[in-house]
Amino acid sequence: MTVAGATPRLIDRGDLLAALDRASAKKVTIISAPAGSGKTSLLRTWADRPDRAHRLAVVRVRRDQHDAQDFWLALLDAVRHASGTASGAKPPAATPDFNAPAMVDRVLSELAGARSDITLVIDDLHELNSPETLAQLTRLLTKLPPGAHAVLTTRHDLRLGLHQLRLAGELAEIRAADLRFTERDTRELLAASGIALSGAGTALLHQRAEGWAAGLRLAALSLAGHPDPERFVAEFSGTNRAVAEYLIGEMLDRQPGDVKDLLLRTALLDRVNGELADLLTGRPGSERILLELEDANAFVVSLDPGGPPNGSADMARFLTPSGTRRRRATGMMRPGCWPTIRSA
Ligand SMILES: Nc1ncnc2c1ncn2[C@@H]1O[C@H](COP(=O)(O)OP(=O)(O)OP(=O)(O)O)[C@@H](O)[C@H]1O
Ligand SMILES: [Mg+2]
């Protein structure tokens, strides 16, 4: 199996693989963590293990996918390949009278008729920009036949309505905190990249990147040609050029115009709230944007000690490798990577 987007030379994160093994014994596993946390890489190492019992039907949702039919055809094709019923057959074709509920039933009956257990793997589900498709997917997930499982990744929590599975103990979640590189992982990543760094330097790098996989990888790339690695680590933060470019490309450029405007106009502030952002942008509605950004794990972290209702505040921390620890400042939000944006 291949999952596009992962890098070569992935280090083996045994504890995390074991956690995914345990999780995937449930009906549905959701891996929800921000960009660059290592979701796809984890799937890739998990899927590539020779001793896996289930067959995998892998689909990666294309960027900003609106077309329900494309999604379901890809999923059906993947399931048919995994179950062995696709051999020699043409991939299912698009039709003008496409019927999503009927398609879900088709996928379900392929899964029920499969000779071996199948796990659906859907990467980048946050890209699926169609509420109806998500609703149909919920139906699929809640009706999976015996022997069928699903593992989904997303950059932010989706409203999938899987409470029944949760109540039945059949929903597992792997989140940003679980994906964070440990100090040992960091050491291994550096060793695999041929970088010699002191123990203290490694610990500092790990701490500064807050275990964020992409940040550590970018640091390793920069360190490879650096004349003074220890000094590089001491200065490493969200202002690092490679990290800045990644954040801008993956996160900022993808925000809608009003959101980007808000982010840029508040970039000089250490903290911001809705009222202040309304003043700076000259528009109402900033509070809602800030809350949505936090929900989407993008750029802001709530400083409310209780965190937001869905408990996702921790996941925004990756955006500021240099210290977005939550502090007591009720109701205020601190922009996540302002120095980063300014340095671009
Ligand atoms: N086990 C690993 N070994 C080495 N590098 C890793 C590992 N896991 C993640 N990385 C590094 O972190 C980067 C980001 O990981 P990955 O693409 O898996 O994140 P993601 O959570 O899938 O991000 P996105 O939401 O953008 O899809 C990888 O390109 C890789 O460089
Ligand atoms: Mg990914």
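Predicted model: local features only at pLDDT ≥ 70, side-chain atom pairs only at ≥ 80, totals over all residues.

The chain has 344 residues, and 41% of them count as buried. Its secondary structure comes to 16 helices and seven strands. If you take the contacts with a separation of 6 or more, 75% of them are between residues 24 or more positions apart.

Now the ligand. Which residues come nearest to ligand 1? There are 20 residues around ligand 1, and the nearest are K39, T40, S41, A213 and R217. Two elements give two or more residues to this shell, namely α2, residues 39-48, and α10, residues 213-224. By class, the shell around ligand 1 holds eight nonpolar, seven polar and five charged residues. Both domain 1, residues 14-179, and domain 2, residues 183-236, supply at least three residues each to the shell.

Stay with α2 for a moment. Eight of the ten residues in α2 are buried, so this helix is mostly covered. The buried ones are K39, T40, S41, L42, L43, R44, T45 and W46. What lies over them? The cover on the buried residues of α2 includes the helices α1 (14-23), α7 (176-179) and α10, together with the strands β1 (28-32), β3 (118-123) and β4 (148-154).

Next, a helix pair. Helix α3 covers residues 68-83 and helix α4 covers residues 100-113; they pack at an angle of about 10°, with their axes 10 Å apart. Angles under 35 degrees count as roughly parallel, and α3 and α4 are therefore roughly parallel to each other. By class, their contact has nine nonpolar, one polar and three charged residues. On the α3 side the residues are A68, W72, L75, L76, V79, R80 and S83, and they meet A100, M103, R106, V107, E110 and L111 in α4.

D124 has a phi near 65°, which is positive, and D124 is not a glycine. D124 sits in the loop between β3 and α5, the latter being residues 131-142. Is D124 buried or exposed? It counts as buried, because it has 21 C-beta neighbours inside 10 Å. E210 also has a positive phi, near 50°, in a residue other than glycine. Its place is the loop between α9, residues 199-209, and α10. E210 is buried because 20 other C-beta atoms lie within 10 Å, and the cut-off for buried is 20 or more.

Two last positions. A191 is in helix α8, residues 183-192. With 14 other C-beta atoms within 10 Å, A191 is partly exposed. From A191 to A220 is 29 residues in sequence and 9.6 Å in space, C-alpha to C-alpha.

Q255 is in the loop between α12 (241-250) and α13 (257-265). It counts as partly exposed, with 18 C-beta neighbours inside 10 Å. Leaving out residues up to four places away in sequence, Q255 touches K260 and L263. Q255 and L293 are 38 residues apart in sequence, while their C-alpha atoms are 9.5 Å apart in space.

That is what I have for today.

How values were computed: Residues numbered from 1 in each chain as written. Chains lettered and ligands numbered in written order. Near = placed C-beta within 6 Å. Helix = DSSP H or I, 4+ residues; strand = E, 2+ residues; numbered from the N terminus. Nonpolar A, V, L, I, M, F, W, Y, C, P; charged D, E, K, R; others polar. Domains from an automatic or database assignment. Buried ≥ 20, exposed ≤ 12 C-beta atoms within 10 Å, placed from the backbone. Axes fitted to C-alpha atoms, helices over the stretch in contact; angles between N-to-C directions. Parallel < 35°, antiparallel > 145°, perpendicular 65-115°, else oblique. Contact = placed C-beta atoms within 7 Å.
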